[in-house]
Amino acid sequence: MPKSAAVLRKPARAAAKTGAPINPRVAVLAYEGLCAFEFSCAAEVFGLARPELTRERLGRDWYRFETCAAQRRPLRGQYGLKIQADGGLDRLARAGTVIVPGWSGSDAPVPPAIADALREAHARGARLLSICSGVFVLAATGLLDGRRATTHWRYIETLRERYPRIRIDANALYVDEGHLLTSAGSAAGLDLCLHLVRRDWGPRIANHVARRLVIAPHREGGQAQYIERPVQRSERGALAPLLDDMRRRLAEPLTIAELARIAAMSERSFMRHFKQATGATPADWLIQARVERARELLETTPASIDRIAGETGFGSAITMRHHFRRKLGVSPRDYRQRFARERG
């Protein structure tokens with residue numbers, strides 16, 4: 001399977017016919033040293049009251065959010081945060097989704113009581129989701145052995161050394177293995193939470209939640225783009241007008257000579273600066289931008305795949321299918337069936 005921003009799996013068989021989760025209880029694990037941002041990702045997506053999403057509109061009630069902890073006392077989190085969990089680990093017994101929002105450290109031991117409670121929840125059919133370093137908690141249960149998973153790029157080698165039976169995807173923003181879901185760094189937790197909303201309720205509701213969060217429903221690229229060569233602000237700024245122009249002209253056959261002329265550089269200098277600023281060659285960048293635009297058109301329009309291929313610069317449906325599969329691991333047709341917005 002090709003590397004991609006997200007490793008997609010079919011929705012769990014336990015999903016209701018409407019797409020909504022049968023058990024809407026979402027239990028988030030709190031712990032000493034709680035990672036505040038990761039916790040907030042889960043709380044913002046699943047815990048925020050959404051009166052506009054009525055039972056009449058959804059067919060079912062929205063998620064029921066609660067927190068749980070192994071300790072009964074108030075816990076200290078990052079940045080001076082203090083939290084009193086709603087209850088103990090017994091809450092996991094009633095949850096349909098359990099979220100581990102980071103962990104106190106990759107070397108911090110996982111209490112046996114937490115590992116046992118997570119294994120029992122999984123055995124009862126609950127979905128277990130980790131954000132960032134929270135993967136170490138799921139890994140300690142043994143449930144990830146033989147399965148694909150990811151985490152923040154800083155923890156990849158530690159996870160690989162400590163848990164060699166896990167099939168680690170170092171580039172994915174998140175991985176969906178049905179009832180076991182893992183995400184990369186902190187912000188990727190939002191990508192995964194939105195993915196779960198999309199899996200449960202469909203793209204229309206997921207897009208609504210994304211708009212409330214003022215974030216994109218889909219985020220392009222894997223986390224490999226952040227590891228080797230961070231984008232320099234000055235270079236990114238210098239090329240920004242050109243990149244915008246390239247996005248507007250995706251359907252045109254852009255050449256290196258023309259792009260270098262627009263950037264007022266020699267071709268050799270242009271290639272070097274482009275790679276430094278974006279982490280990709282102009283050709284690879286264009287392919288990614290064309291895939292991104294094709295995804296948008298597949299979701300929002302009834303246009304044929306042939307027409308979308310022409311409008312996005314792929315030229316033919318065959319070429320578009322090739323690059324779409326290489327980047328996302330699915331065909332354009334399957335992607336449309338899974339994520340196309342409802343159209344009135």
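Biologist: Where is C132 found?

Modeller: C132 sits in the loop between β7 and α4 (135-141). Helices are DSSP runs of H or I with at least four residues, strands are E runs of at least two, and numbering starts at the N terminus. The model is predicted: local features need pLDDT of at least 70, side-chain atom pairs count only at pLDDT 80 or more, and totals for chains, interfaces and linings use all residues. Residues are numbered from 1 along each chain as its sequence is written, and side-chain values use heavy atoms, without hydrogens and water.

Biologist: Why does C132 count as buried?

Modeller: Its relative accessibility is 5%. Buried means under 20% relative accessible area, exposed over 50%, partly exposed in between (1.4 Å probe, protein chains only). So C132 counts as buried. C132 also has a positive phi of about 55°, although it is not a glycine. Most residues other than glycine have a negative phi.

Biologist: What makes A264 count as exposed?

Modeller: A264 has 70% relative accessibility, so it counts as exposed. A264 lies in the loop between α9 (256-262) and α10 (267-278). Phi of A264 is positive too, near 60°.

Biologist: Why is G125 called partly exposed?

Modeller: Its relative accessible area is 35%, so G125 is partly exposed. G125 is in the loop between α3 (112-123) and β7 (127-131).

Biologist: Why are α1 and α6 called roughly parallel?

Modeller: The axes of α1 (residues 36-47) and α6 (residues 188-201) cross at roughly 25° and come within 9 Å. Angles under 35 degrees count as roughly parallel, over 145 as roughly antiparallel, 65 to 115 as roughly perpendicular and the rest as oblique. Therefore α1 and α6 are roughly parallel to each other.

Biologist: Which residues in α1 and α6 meet?

Modeller: C41, A42, V45 and F46 in α1 meet L190, C193, L196 and V197 in α6 (contact: heavy atoms within 4.5 Å).

Biologist: Which residues touch the most other members of the largest nonpolar core?

Modeller: F46, W62, L92 and V197 do, out of 72 residues. A nonpolar core is a set of buried Ala, Val, Leu, Ile, Met, Phe, Trp, Tyr and Cys residues joined through side-chain atoms within 4.5 Å. The largest share of this core, eight residues, comes from α6. Not counting residues up to four places away in sequence, W62 touches partners including V45, F46, V197 and W201.

Methods:
Axes fitted to C-alpha atoms, helices over the stretch in contact; angles between N-to-C directions.
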